[in-house]
Amino acid sequence: MSMPLQRGISGVRVSDSSDDLRDSQMKDKTEKEDLARGRSTDSLTLRFPFAFLFSNQSSSKHGENGFPADPYSARSRHRLMLLFLKISLVLIVVIALAGSFWWTVSISTSSRGHVYHNYRRLQEQLVSDLLDIGEISIGPSRWKELEYCTLESENYVPCFNVSENLALGYSNGDENDRFCVPGARQDCLVLPPVKYRVPLRWPTGKDVIWYHNVKITAQEVLTSGSITKRMMMMEDDQISFRSASLMSDEVEDYSHQIAQMIGIKNDNFIEAGVRTILDIGCGYGSFGAHLLSKQLLTMCIANYEASGSQVQLTLERGLPAMIGSFISKQLPYPSLSFDMLHCSRCGIDWDQKDGLLLVEIDRVLKPGGYFVWTSPLTNARNKEDLKRWNFVHDFAESICWTLLSQQDKTVVWKKTIKTKCYSARKPGVGPSVCSKGHDVETPYYRPLQMCIGGTRSRRWIPIEGRTRWPSRSNMNKTELSLYGIHPEELGEDAENWKRTVREYWSLLSPLIFSDHPKRPGDEDPSPPYNMLRNVLDMNAQFGGLNSALLEARKSVWVMNVVPTAGPNHLPMILDRGFVGVLHDWCEAFPTYPRTYDLVHADNLLTLQTSQRRSSCSLIEIFTEIDRLLRPEGWVIIRDTAQLVEAARALTTQLKWEARVIEIESSSEQRLLICQKPFTKRQSI
């Protein structure tokens, strides 16, 4: 606010004689007014330090009577104001420093780290959210297609880098273990080998695979080893596992021998309570392929191998397999998962690490389950081998295994069905039972533990006391109560998936990408029952898709994946007689490129985007799907309309053909059907 301007007297001529007196009086009056005005201004300034910003602009230029104001008076006010601002700034800085010092002193080093960690997490999440918003908002027209990876990435598996692990100092087998670090995955599309061919359909593809589809040398094919590895023959550009070969008879005899050692009549493993088998170091899957005829489901696990991979060849044959190493970490399976564990010349030294590896396979073995081990060590003759065999023999007894039989180089143990056995041991004999805090039912690559797990589980039920296959897949009320599931809930889920599988099978046709208005129930012929073999369900829930596909008699096996971000139904899935694994989809899946014919994701995008701590974007997940998918393979995504549209935009980066289908039973959800093109690398 400014003082009001005074009206002066103008146009009046005053005589010279009165000039001095009038001037003197006017001067005194002016000084008094200036003094009064200065006091008023100072008072106003102190009460409203920023009032000068809102004052009349003309008052800063003119004084009373319209004449220029006193420059010295304006300068004083400006100096006073600058001084006041400087003092205010100094006070603010002092207060801020004092508060910061007090806060720093009041918290510990650990809490500072916690606060910093949370700040970084929020900062990263903000960036991720902004990127996701950008992904959805810019639309498909602005996407840039991903580049193709280099030739060296044809068989690239993130998280398994032996050379890098060796450089970091890992040894004694630890270099083969899984180490997932940020940035392990590549931002490119993996191309198939130059001479890659679409695999033969099942069941022909079980016995014959294309040589150039896998990375293996002729020498590795011809190298003798276990029975299952020797069952290979080179025929032009094919690798043959013909069932009519003499070596196939060896596998038949070997299977019959195991049945006799267990006491099973007519090789009827199902009647003995056996359905699921974990085959450690499976060769190339021939043992599991043979057991399929007996309705047994065998999961092959083996270390990552840059060439001649057991897992890669087994998957190429259409048999369940994944990279799995438990040299230093627990397997991503629940306790009490498998009815039988098998190791035929699997390369595992069970006497190493004070028996720690035997403790891990005991954890995943069901009560009353069998451990079958074939090795020259079981028939030791020299002193050193005899010492190693004696250690394994005595350790197995200390963890309550019963030696059923030993023939030639094969030994069969049976796990106890009574938890009291562990408390009845002599003090100091064998590893102790895990405490409640360490007995995690479904660990995710935790360090190996020297304690016996699973003894506190409600699922501690002998395999002989479980429902036989195939009735096992349809659990009764008592069995479902172990997982907190009501029969009505599972029944409704089963009916929904039966209907859904019929719709899916009708849609799996290239016609869906033409102008032909393809819809479920149209008269176009559905794909053959054996169109697909290897199926990956990224969010398996109860295993409903697996159950419906088997009931519809489709020639498939399903890898049921339970995301770490959602409810854990993996114990129930495995107890139903299926195979599956726990996995974090922000990490690479433990398998080789071009593994699956169909990748299915039901509400996975909703699950991933609802996680506040998600460390990856949707495009990273989709790039991983592309790595896992075979050329001309299919992707089915079922989710909300908004997320399906966002996913459709991402498919342009991956060069997939995609189409959105409305779901009659749900107005809020959509289907996204995609097919990966067969893009060949140019020969050099």
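Which hand does the link of Cys159 and Cys180 have, given the angle about the S-S bond? With 105 degrees about that bond, the link of Cys159 and Cys180 is right-handed. The model is predicted, so local features need pLDDT of at least 70 and side-chain atom pairs count only at pLDDT 80 or more, while totals for chains, interfaces and linings use all residues. Residues are numbered from 1 along each chain as its sequence is written, and side-chain values use heavy atoms, with hydrogens and water left out.

**Disulfides**

- The structure holds seven disulfides, a disulfide being a pair of cysteine sulfur atoms within 2.5 Å.
- One of them is formed by Cys159 and Cys180, with sulfur atoms 1.9 Å apart.
- This pair links distant parts of the chain, 21 residues apart: Cys159 is in the loop between helix 3 (109-138) and helix 4 (162-167), and Cys180 is in the loop between helix 4 and helix 5 (204-207).
- Cys343 is joined to Cys346 by a disulfide with an S to S distance of 1.9 Å, and the link is left-handed, with -70 degrees about the S-S bond.
- Another disulfide joins Cys434 to Cys451, S to S 2.0 Å.
- The torsion about the S-S bond of Cys434 and Cys451 is about 90 degrees, so this disulfide is right-handed.
- Cys434 and Cys451 each lie in the loop between helix 13 (420-423) and helix 14 (477-481), so the pair ties together parts that are 17 residues apart in sequence.

**Burial of the cysteines**

- Relative accessible area is computed with a 1.4 Å probe on protein chains only; buried means under 20%, exposed over 50%, and partly exposed in between.
- Cys159 counts as buried at 8% relative accessibility, whereas Cys180 is partly exposed at 27%.
- Cys343 is buried at 0%, and Cys346 is buried at 15%.
- Both Cys434 and Cys451 are buried.
- Cys674 is also buried, with a relative accessible area of 0%.

**Packing of helix 15 and helix 16**

- Helices are DSSP runs (H or I, at least four residues) numbered from the N terminus.
- The axes of helix 15 (residues 487-507) and helix 16 (residues 544-551) come within 8 Å and cross at roughly 65 degrees; axes are lines fitted to C-alpha atoms over the stretch in contact, and angles run from 0 to 180 degrees between N-to-C directions.
- The crossing is right-handed, meaning that the near helix is turned clockwise from the far one by less than a right angle.
- Contact (heavy atoms within 4.5 Å) is made by Asp493, Trp497, Lys498, Val501, Tyr504 and Trp505 of helix 15 and by Gly544, Leu545, Ala548, Leu549 and Glu551 of helix 16.
- By class, this contact has seven nonpolar, one polar and three charged residues.

How values were computed:
Helices (H or I, at least four residues) and strands (E, at least two) are DSSP runs, numbered from the N terminus. Ala, Val, Leu, Ile, Met, Phe, Trp, Tyr, Cys and Pro count as nonpolar, Asp, Glu, Lys and Arg as charged, and the others, Gly among them, as polar.
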